[in-house]
Amino acid sequence: MFINEDLIESIEATPDTVLTLVDGRKIVVADPPQMVIDRARVYRASVLAATDELRSGGQGGEVLQFPVASPSANSGATSEAKAETKAGSRPSGRRPAGDH
């Protein structure tokens, strides 16, 4: 599963890591909050580097995907992400306040 890091509104450790998206949906992930933040930074940096490479006339850099779940280098275990919704609730389709 891949999450668009631009849609993450907040990250909580409760003790599970809960990502709240801008549309109100919540996703529980096994990775600690700092790992999610670090992956978002690496992804954003790769996008900016690829954009700069394209603008400078190069062939284009590689854009990395922003994985929420990937094999852990130390344990060999994989993380799992689960989508969580409130009972009876649906996304309203409205944009968040202040995002015009």
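**Entry 1: Gln-34**

I began with Gln-34, which I found in helix H1, where helices (H or I, at least four residues) and strands (E, at least two) are DSSP runs numbered from the N terminus. Gln-34 is partly exposed, with a relative accessible area of 45%; I took buried as under 20% relative accessible area, exposed as over 50%, and partly exposed as in between, using a 1.4 Å probe and protein chains only.

**Entry 2: Ground rules**

This is a predicted model, in which local features need pLDDT of at least 70 and side-chain atom pairs count only at pLDDT 80 or more, whereas totals for chains, interfaces and linings use all residues. Residues are numbered from 1 along each chain as its sequence is written, and side-chain values use heavy atoms, with hydrogens and water left out.

**Entry 3: The whole chain**

I looked up the secondary structure and found 1 helix and 4 strands, which follow the pattern β-β-β-α-β when read along the sequence. Of the 100 residues, 21% count as buried. The accessible surface comes to about 7400 Å², and carbon and sulfur atoms hold 50% of that surface; these areas come from the Shrake-Rupley method with a 1.4 Å probe, and for residues only the protein chains shown count as cover. Among contacts (heavy atoms within 4.5 Å) with a separation of 6 or more, 41% are between residues 24 or more positions apart.

**Entry 4: The S1 to S2 hairpin**

I then turned to S1 and S2, which run antiparallel and are joined by 5 bridges; two strands are taken to pair if DSSP finds at least two bridges between them. A hairpin of 3 residues connects S1 to S2, and the bridge partner of Ala-13 in S2 is Thr-17.

**Entry 5: Salt bridges**

How many salt bridges does the count come to? The count is 5, with a salt bridge defined as a side-chain nitrogen of Lys or Arg within 4 Å of a carboxyl oxygen of Asp or Glu.

I looked up Arg-44 and Glu-5, whose side chains meet in a salt bridge at 2.7 Å, N to O. This pair links distant parts of the chain, as Arg-44 sits in helix H1 (residues 33-55) and Glu-5 in the segment before strand S1 (8-13), 39 residues apart. Arg-44 is partly exposed at a relative accessible area of 35%, whereas Glu-5 is buried at 14%.

The side chain of Arg-44 also meets that of Asp-6 in a salt bridge, at 2.3 Å, N to O. Here again distant parts of the chain are linked, with Arg-44 in helix H1 and Asp-6 in the segment before S1, 38 residues apart.

Another salt bridge that I looked up joins the side chains of Asp-23 and Arg-25 at 2.8 Å, N to O. Asp-23 is partly exposed, with a relative accessible area of 34%, and Arg-25 is partly exposed too, at 38%. Lastly I noted that salt bridges with shared partners join Glu-5, Asp-6 and Arg-44 into one network.
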